[in-house]
Amino acid sequence: MTMNEFDSKARTWDMDQKHVDRAEAIAAAMLKHVKLSPDMKALEYGAGTGLLSFLLRDEFQSILLMDNSKEMISVCNDKIDFYNAKNIIALYYDLENHDYPGKFDVIFNQMVLHHVKDPSALLQKFQGMLNDHGQLVIADLYEEDGSFHDGDTDVHKGFNPDELLKSLLTKGFSKGNFTECFKVSKNDKLYPVFLLVVKK
């Protein structure tokens, strides 16, 4: 899926109950498995319309919503205004191709990594953007047969979270764990989603 396709879906994204259900399940898993405190600064990368961050906004001092879809960020800004969410800022930014100078206590994303061309490079970038003892939280698909995206060859077919965790431990992260947190129902199949948490 190209970013133009994400742009075209932005205005109706939150109307799909599957997106809401998934964000609620991931938020609940984060509250259970991630150590959060109200003095933390967070980044949601590939935030889309910010569904997940708006569920978690009371858990953080501030959240930066970053996405390289202008329309998704436009929707985020509308929601920030509507909810008067003073601790949330939305930013149109291409982090895959540019460095960002900010530092965060928590960086999280949902269903984003399988769209990233070079996940290893981005994960290394996240490590550099985290404060000491910061946490990286990844929610994404377990390995699948390619049917989730109907044959789209421009995406990764999910991940083996055990292998992903081992890779992260070679990138400057000290420890971590993962758990299944949701199942996406699509194409008459169930696609499990993992939540992986690592600490810098």
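The following exercises, each with a worked solution, concern a predicted model.

Residues are numbered from 1 along each chain as its sequence is written, and side-chain values use heavy atoms, with hydrogens and water left out. In this predicted model, local features need pLDDT of at least 70 and side-chain atom pairs count only at pLDDT 80 or more, whereas totals for chains, interfaces and linings use all residues.

**Exercise 1. Determine where K171 is found and which side chain it makes a polar contact with.**

Step 1. K171 is found in the loop between α6 (161–168) and β6 (175–186). Helices (H or I, at least four residues) and strands (E, at least two) are DSSP runs, numbered from the N terminus.

Step 2. K171 is buried and has no salt bridge. Buried means under 20% relative accessible area, exposed over 50%, and partly exposed in between, with a 1.4 Å probe and protein chains only. A salt bridge requires a side-chain nitrogen of Lys or Arg within 4 Å of a carboxyl oxygen of Asp or Glu. For the charge assignment, Lys and Arg count as positive and Asp and Glu as negative, while His and the chain ends are not counted. The nearest side chain of opposite charge, D118, is 7.3 Å away.

Step 3. The polar contact of the K171 side chain is with the side chain of S120, at 2.6 Å. Such a contact is a pair of N or O atoms within 3.5 Å; within protein, one must be able to donate a hydrogen and the other to accept it, and residues adjacent in sequence count only if both atoms are side-chain atoms.

**Exercise 2. Describe the surroundings of Q127 and the packing of its helix.**

Step 1. Q127 belongs to helix α5 (residues 119–129) and counts as buried, at 14% relative accessibility.

Step 2. Beyond neighbours within four places in sequence, Q127 is in contact (heavy atoms within 4.5 Å) with K171, G172, F173 and K200.

Step 3. The buried residues of α5 include L122, L123, F126 and Q127. The buried residues of this helix pack against β1 (41–45), β4 (104–110), β5 (130–141) and α6.

**Exercise 3. Characterise the pairing of β6 with β7 and the place of T179.**

Step 1. Strands β6 and β7 (residues 189–199) run antiparallel and are joined by 11 bridges; two strands pair if DSSP finds at least two bridges between them.

Step 2. The two strands form a hairpin with 2 residues between them, and N187 in the turn has a positive phi of about 55°. F182 stands opposite V193 in β7.

Step 3. T179 lies in strand β6 and is partly exposed, with a relative accessible area of 27%. Residues up to four places away in sequence being left out, T179 touches H33, Y142, V193, F194 and L195.

**Exercise 4. Classify the aromatic pairs F54–Y83 and Y100–F104.**

Step 1. Rings of Phe, Tyr and Trp (its six-membered ring) pair if their centres lie within 6.5 Å; planes under 30 degrees apart count as stacked, over 60 as edge-to-face and the rest as tilted. The count by this rule is 8 aromatic pairs.

Step 2. For F54 and Y83 the centres are 5.6 Å apart and the planes at 45°, so the pair is tilted. F54 lies in helix α3 (residues 51–56) and Y83 in helix α4 (residues 70–83), so the pair ties together parts that are 29 residues apart in sequence.

Step 3. F54 is buried at 7% relative accessible area, whereas Y83 is partly exposed at 44%.

Step 4. For Y100 and F104 the centres are 6.3 Å apart and the planes at 20°, so this pair is stacked.
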